[in-house]
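Open the model in your viewer and keep the selection panel at hand. The tour goes from stop to stop, each with something to select.

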Amino acid sequence: MSVSIAAREFSVVLLGDFNPAILHPAWFASTGLIKLSEGDAADVEVVHKEVTIWTSDWLKLNADKNRVQFQSDQEAYAGPLRDVAIGALTLLEHTPVRAVGVNVSAFFQFTSQEQLDKFGHELIPKPRWEKALPEPKTLKAVITSRRDDDYRGNLNLTIAATTRFQFSAYVHINDHNEVEPEAKRPSAISAISIIQRQWDKAIDRIHALHADLTGAF
Amino acid sequence: MASRLVSEGDFDSAFLLEEESQEQLLQYAGEVATSAAESTRRASLLETQVSVAASGTGTTLPAEGGVQTTTKIPPPWNRLFRRTSTFIALQAWEGVVVEVSDIDFTVRLFDKRNKMNPELSTAISIEELDDEERSLVEPGAYFYWSVGYCDTPSGRKRQSVVRFRRLPAWTSEEIRKAKEQAEDDFRYFGGEDGPQTAVKHGG
């Protein structure tokens with residue numbers, strides 16, 4: 001028995017006060033954070049003072065006035081994704097940032113429907129609910145935890161049903177970090193430190209979970 | 001309306017729309033063209049979106065764990081353009097350029113999958129890079145290299161991706177820290193009556 005990883009996804013989410021209009025793909029290209037060709041080819045849904053949404057070959061940006069999400073589902077671009085987020089914060093260092101999420105997701109693929117069902121039952125045992133529900137099934141489970149370091153925030157694990165790959169579950173780990181205000185340091189610079197510090201740990205965390213499940217299924 | 005198949009398994013999903021035919025999707029698109037409000041209602045009925053964000057900084061994704069990042073409910077015609085390829089890395093390294101010639105560049109590689117593996121040294125052909133990447137090749141440049149496969153509708157393909165790091169110049173914070181460090185070093189080595197001035201050499 002084994003559990004394989006069918007695909008991985010990565011994202012950095014910033015909470016704060018942002019100006020979505022500046023986050024145009026042309027801005028990223030002109031500052032060298034992405035290639036000029038990527039900026040030209042980006043599929044722009046909207047760029048507005050309230051919201052910006054665009055997609056390039058490997059990067060998806062979704063921003064509003066309080067939240068910016070950099071995301072990639074192309075595993076080869078995990079490092080470049082982190083760099084784009086850090087680069088944008090570097091250039092916009094006086095942007096107030098209140099929280100940073102370093103997120104890693106994976107599609108855990110089981111060998112059979114039975115194994116996937118077994119995993120779902122282990123997550124949420126069904127006998128407890130059978131008196132109230134005729135056929136209880138697990139669609140989504142969220143588990144939260146305190147951090148294992150001295151920083152403010154928490155770790156959130158979400159496991160959800162997915163149809164993207166056969167016999168698979170979508171596993172998402174959100175490493176949520178509060179940005180603590182510092183007198184002499186812009187919060188965006190603190191956010192950069194958080195991303196640099198937590199990135200590898202977030203990836204290692206999902207790999208550890210995968211290794212554990214591989215032993216159990 | 002085609003049936004929306006739901007497997008019998010515990011991890012089944014109520015969001016399956018794989019059985020939708022293109023004809024139906026086009027029909028939806030047509031309806032959208034005539035009535036945006038109606039299409040939104042249909043979209044919400046067809047594709048209930050569940051955010052997996054456990055907190056404000058979690059990734060916002062549709063229930064299928066797909067790749068759409070929008071917080072809105074995707075209109076039905078988006079399904080005509082759903083993602084068709086996925087890159088899976090079999091091996092991933094980070095590397096530093098040591099030396100550059102006209103035909104290749106010598107690098108040191110660090111295994112990202114198994115950090116216990118020893119550092120490697122190899123040469124990569126310049127031909128591997130597109131013009132924009134080539135402009136970044138110089139000693140000391142940092143890059144990412146992934147080798148894997150890409151699943152596309154036409155089959156699985158081997159793929160190698162080299163991407164050089166793109167970061168802006170120094171931040172004001174980094175400049176401030178460097179200045180502080182330089183001042184500390186200056187004092188340490190005896191500048192402006194620093195600690196080393198107490199050590200007198202010779203007569």
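**Stop 1: the largest cavity.** Select H3(A), which gives the lining of the largest cavity its largest share, three residues. Helices (H or I, at least four residues) and strands (E, at least two) are DSSP runs, numbered from the N terminus. The model is predicted: local features need pLDDT of at least 70 and side-chain atom pairs count only at pLDDT 80 or more, while totals for chains, interfaces and linings use all residues. Residues are numbered from 1 along each chain as its sequence is written, chains are lettered from A and ligands numbered from 1 in the order in which they are written, and side-chain values use heavy atoms, with hydrogens and water left out.

Colour them by class: five are nonpolar, none polar and four charged. (Ala, Val, Leu, Ile, Met, Phe, Trp, Tyr, Cys and Pro count as nonpolar, Asp, Glu, Lys and Arg as charged, and the others, Gly among them, as polar.)

How much space lies in the largest cavity? About 40 Å³. The structure holds one cavity of 30 Å³ or more. A cavity here is a set of points on a 1 Å grid over the protein atoms alone, where a 1.4 Å probe fits but cannot get out; lining residues have an atom within 4 Å of a point. Grid points are joined across faces, edges and corners, and a volume is the space filled by probe spheres set on the points.

**Stop 2: an aromatic pair.** (Rings of Phe, Tyr and Trp, its six-membered ring, pair if their centres lie within 6.5 Å; planes under 30 degrees apart count as stacked, over 60 as edge-to-face and the rest as tilted.) B:Phe143 lies in strand S4 (residues 142–152) of chain B and B:Phe164 in S5 of chain B, so the pair ties together parts 21 residues apart in sequence. (Buried means under 20% relative accessible area, exposed over 50%, partly exposed in between, with a 1.4 Å probe and protein chains only.)

Next, select A:Trp27, A:Phe28, A:Trp54 and A:Phe70, which form one aromatic cluster.

**Stop 3: salt bridges.** The count over all chains is 26. (A salt bridge is a side-chain nitrogen of Lys or Arg within 4 Å of a carboxyl oxygen of Asp or Glu.)

- Select A:Lys35 and B:Asp130: their closest N and O atoms are 2.5 Å apart. This pair crosses between chains, from the loop between H1 and H2 of chain A to the loop between S3 and H3 of chain B. A:Lys35 is buried at 10% relative accessibility, whereas B:Asp130 is partly exposed at 35%.
- Select A:Glu75 and B:Arg113, a salt bridge of 2.6 Å, N to O. The pair also crosses between chains. A:Glu75 is buried at 9%; B:Arg113 is partly exposed at 32%.
- Select B:Arg156 and B:Asp151, a salt bridge of 2.7 Å, N to O. B:Arg156 is exposed at 54%, and B:Asp151 is partly exposed at 27%.

How values were computed. 1 Å grid on protein atoms, 1.4 Å probe; cavity = no way out; pocket = protein on both sides within 12 Å on 5 of 7 lines; lining within 4 Å.
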